[in-house]
Amino acid sequence: MHITLNIWRQKDRNSQGGLVTYELSDVTPDMSLLEALDLLNLGLVRTGVDAIAFDNDCREGICGTCCLQINGRPHGPLKGVAACQIYMRSFEDNATIIIEPFRAKAFPIVKDLVIDRSAFDRIIQAGGFISVKTGGAPDGNTLPISKHTLETAFDAAACIGCGACVAACKNASAMLFVAAKVAHLGRLPQGQPERKQRALGMVAQMDSEGFGACSNTYACQYECPKQISVDNIAFLNSEILRAKIF
Amino acid sequence: MELDSRIPEGPLEKKWDSSRFNMKLVNPANRLKYHIIVVGTGLAGSAAAASLAELGYNVTSLCYHESPRRAHSIAAQGGINAPKNYANDGDSIYRLFYDTIKGGDYRSREANVYRLAQVSGSIIDQCVAQGVPFAREYGGLLETRSFGGTQVSRTFFARGQTGQQLLLGAYQSLSRQIGLGAVKFLGRREMLDLVVIDGQARGIVVRNLINGNLESIAGDAVILATGGYSNVFFLSTNARQCNASAIWRAYKRGAFFANPCFTQIHPTCIPVSSEHQSKLTLMSESLRNDGRIWVPKAVGDKRDPNQIPENERDYYLERLYPSFGNLVPRDVASRRAKEMCDKGYGVGATSMAVYLDFRDNIKRHGKPWVAEKYANLFEMYQEITGENAYEAPMRIYPAAHYTMGGLWIDYNMMSTIPGLFVLGEANFSDHGANRLGASALMQGLADGYFIIPYTLSDYLASNKIKAVANSHSAFKDSEQSIASMIKKLLSISGNRAVEEFHKELGDIMCQHCGMARNAEGLKKALELIPALRERFWSSVRIPGSSEDFNQELEKAQQVADFLELGQLIVEDALQREESCGSHFREEFETEDGEAKRDDDRFSHVAAWEFQGHGKSPMLHKEHLSFEYAKPSQRSYK
Amino acid sequence: MAKTISLYGSSIGQKIVSAFTGLFLCGFLVIHVSGNLLLFKNDGGVSFDHYAGALSSSVLIRSIEILLFAGFAIHIFWGIRGWIFNRRARPKNYAEYNPSESSSLFSRIMLLSGSIVLFFLVVHLKNFWVPIRFGAQDLSDYDLVRIAFQSPLYDFFYVFCLVLLAFHLRQGFQAAFQSVGLRSLWLKAINMVAIIFWLLIPAAFAAMPLYFLLAKGGR
């Protein structure tokens with residue numbers, strides 16, 4: 001296969017960036033897109049050109065490190081997978097692929113396709129946990145949890161923190177990310193004591209990080225590699241409403 | 001130097017209790033005065049950093065990821081063991097202890113393993129309290145399953161994402177401490193040196209990966225929880241950034257490296273499909289419960305597998321091991337697959353794969369029956385290979401996956417450098433020569449939540465630790481030596497990329513020090529690796545500068561370390577003239593072709609001491625004695 | 001956990017305000033359309049005139065009117081404020097952005113559809129509400145409507161704006177329930193009732209000018 005890659009290159013956070021075109025032959029359909037980028041980098045490095053920086057790690061769709069906007073969509077053309085799980089057979093021969101970093105004010109660019117998502121960590125630090133110290137936890141079986149409750153909470157807990165929701169949203173809103181954690185913990189019995197503070201703390205941090213507000217386009221749900229439902233956003237909304245009014 | 005494992009006196013089941021009582025405590029009011037550096041934020045690192053901060057220590061946690069949530073613990077699928085005996089099937093602490101010792105082929109410490117089994121129940125409780133969604137029965141109680149061939153159901157799991165959920169639990173506890181200001185977290189920092197002052201570990205030097213600055217961090221103790229080194233094989237199931245630099249550089253500062261040759265190969269991975277393959281993906285071992293493994297009887301038979309009639313198929317595991325069949329342990333299944341491929345029976349485009357076939361079970365029970373059990377794995381297979389495994393057999397091949405070896409530690413998790421503690425996969429202690437399924441998560445969390453908080457306080461309270469600032473000359477010296485190494489790397493300006501050397505090293509390691517090893521091959525590797533290292537240092541090319549975000553430079557340092565570590569692994573494999581667990585020496589096999597241990601000569605931990613560049617490392621032996629679990633030869637016939 | 005938010009200052013509070021005011025305005029639409037259906041009654045406008053007269057003289061209706069204006073004002077103000085807030089969240093746009101795969105057009109153009117509806121509202125108030133409310137004309141209320149609707153150009157504008165209103169409600173009605181956390185609970189019912197709002201009500205409003213243009217064109 002032959003492909004043309006238009007890749008965002010930017011030296012550092014404050015530089016002006018731009019798309020650069022690269023031609024790549026010797027691509028096989030069995031290669032992953034990231035392996036195609038590796039191959040491209042191999043050629044660049046051998047000739048002394050700065051390699052294209054892109055974040056990736058587990059390459060099996062669970063660590064949430066990769067964060068590429070591929071042809072205008074976070075994680076590319078397939079539903080329910082991360083960018084590292086895109087294989088070249090998803091593209092036509094001679095295709096042009098545009099790769100950009102996820103864009104949001106709250107995700108400043110580090111270099112090329114690498115961004116800084118520490119805003120997500122600060123949101124978790126503002127309440128995305130259950131305050132239990134090590135030791136002293138009661139036996140795991142003292143608290144029965146219905147299968148339904150557990151499964152619903154798990155669907156939210158599957159979030160990998162990649163930021164595709166932010167990247168997909170026209171408002172760069174982090175609502176799905178925040179809602180997933182609020183719903184994961186807020187639906188479980190263990191999470192009840194801190195329910196209110198958790199939602200309020202996380203939303204306050206989310207707002208101060210510069211993410212936009214949700215306008216219910218549900219693009220996040222569509223692009224989420226773990227297919228996390230916007231029902232969790234409704235859950236978060238009602239948590240806030242409940243915490244502030246009722 | 002004599003290795004002192006500091007195993008407490010007394011009967012096995014009382015050792016941990018009595019040592020906890022005997023350990024000195026740090027007065028709560030004084031804890032904040034101690035600065036603890038925790039490197040790595042996987043299960044062990046996050047758990048340790050959070051737990052120590054909860055106790056009141058002043059903790060700095062750091063990792064090379066942007067966020068503490070991305071460590072590779074997150075990719076563990078299967079589950080976590082704990083002998084809770086919820087299934088009422090006769091499990092006990094002693095049985096988990098015994099299984100782990102036996103599974104490790106009698107190359108681990110009894111006292112450590114017993115302690116691990118003891119505290120593992122508390123891990124489940126702790127994680128449930130954090131909100132980890134372990135699978136539950138309809139009645140609301142926790143569900144367990146049997147895993148990896150054990151006869152009891154002691155494995156707790158959270159769908160196929162147990163590692164993710166456990167890591168997020170630990171990450172959330174760590175995040176809480178960061179939010180409270182009790183932990184200072186530094187992301188995108190790679191540890192490049194350990195600083196030892198007056199014989200004590202007193203800090204580290206890291207590179208800020210964003211701006212390239214070298215930063216010295218002084219502390220009163222250093223905890224390494226930096227994972228394993230499977231990536232020395234280049235292709236492994238580890239994440240791409242997993243590396244051995246932190247432990248390797250600690251080794252070069254005097255920490256002993258134990259049993260480096262104990263590396264585990266997982267049998268059911270998706271095989272290599274292209275020459276640009278960057279990593280391998282593991283599929284759960286549970287597939288072997290219902291899939292049959294075979295190769296064509298004829299060498300080089302390239303027919304479509306569905307066209308190969310029954311009598312031309314060799315179900316070699318069923319043939320060789322009539323009673324265990326496809327369920328033989330990981331190391332046996334892996335080794336036999338390699339043997340078949342080496343003999344030319346391999347299948348697929350690369351001929352480096354064997355078939356894992358569900359045809360018979362689909363015929364017998366129907367597709368829905370198979371789908372209900374394995375749908376997610378079939379989907380994963382299809383996603384990666386583009387093939388439908390309901391219609392044609394899967395192709396599988398073993399891949400490097402876990403390293404039992406690591407820095408030597410005593411019973412208190414301390415390395416041979418006082419004040420340097422090593423947790424999780426980075427240490428060597430609990431799995432001997434082979435790790436059981438669902439035990440890695442258990443060990444990481446046990447070390448971090450329930451062991452280090454006690455043993456660290458004992459160290460701090462019983463040793464005099466002078467105040468040291470990061471302006472100390474030892475830090476400056478270290479920074480200088482790192483800077484000059486980086487400068488040297490950048491100045492080579494050759495014509496080959498780092499990745500090419502890494503690949504080549506991986507080939508050497510897989511070929512000569514992989515699933516089956518022999519003296520001849522190992523000696524060959526000892527010629528090839530130094531030559532490769534030399535070529536690396538003369539012809540690698542690293543574009544860019546040291547003053548900004550430069551992933552090639554990061555990789556170069558990791559590979560430079562792998563090129564040294566690889567040699568140590570081979571040396572260790574060469575001196576261990578026996579077969580045990582994952583370490584299979586072809587010269588030492590029984591008549592049936594099974595691993596033949598030599599307990600008289602090798603019932604010890606091989607701990608290597610760095611002697612300087614260009615010098616052979618010195619081997620120290622820690623004798624292993626088995627008072628409770630008496631060694632026996634494995635047999636799966 | 002020191003951090004908290006004020007409901008109205010937060011991004012979620014903003015949605016909740018938009019949701020409640022939006023639903024309130026939906027309620028107004030129901031009343032408005034049901035009254036106006038009298039236009040179709042074939043009695044030469046007697047019933048409609050009676051109804052319109054009652055509206056402009058009732059004290060109760062007049063006080064509700066104030067609420068209604070407040071509802072519009074808040075809904076519009078919050079909508080624009082939210083839009084500006086959201087624009088700031090992505091200062092640099094994508095070179096290639098492909099949102100049509102993941103979200104509906106209706107959901108992405110709420111500000112545009114809302115603005116057109118607002119413009120329509122102003123024209124509509126000037127043409128009908130002001131004359132009827134302040135009664136400064138010789139024509140009956142019914143005739144006022146009838147004559148206005150006999151202009152094809154005006155009718156085209158009118159129907160066009162109602163299509164945009166339909167777009168606005170297509171997204172807005174169910175989104176309001178999402179914003180207050182009820183959508184997933186009552187999903188089926190909401191989707192059914194939503195049809196009334198985004199299809200039936202705009203269609204009924206649009207039928208009025210067409211009725212006068214086509215059926216009553218000659219009178």
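Here is a short walk through three chains of this predicted model. Residues are numbered from 1 along each chain as its sequence is written, and chains are lettered from A in the order in which they are written. Local features need pLDDT of at least 70, while totals for chains use all residues, and side-chain values use heavy atoms, without hydrogens and water.

Let's start with chain A, which has 8 helices and 7 strands (DSSP runs: H or I of at least four residues for helices, E of at least two for strands). Its C-alpha atoms fill a box of roughly 60 × 35 × 35 Å along the principal axes. Of the 246 residues in chain A, 69% are buried, meaning under 20% relative accessible area with a 1.4 Å probe, protein chains only.

Now turn to chain B, where 4 strands make an open, antiparallel sheet in the order β17-β11-β19-β20; strands count as paired if DSSP finds at least two bridges between them. At the edges lie β17 (406–407) and β20 (618–623) of chain B, each pairing on one side only. Strand β19(B), residues 604–609, is joined to β20(B) by 6 bridges, and E609(B) has M618(B) as its bridge partner. Helix α16(B), residues 551–575, packs on this sheet and touches β11, β19 and β20 of chain B, a contact being heavy atoms within 4.5 Å.

Finally, look at chain C and its helix α8 (residues 187–215), where V193(C) sits. V193(C) is partly exposed, as its relative accessible area is 35%, and partly exposed covers the range between under 20% (buried) and over 50% (exposed).

Key
Predicted model: local features only at pLDDT ≥ 70, side-chain atom pairs only at ≥ 80, totals over all residues. Axes fitted to C-alpha atoms, helices over the stretch in contact; angles between N-to-C directions.
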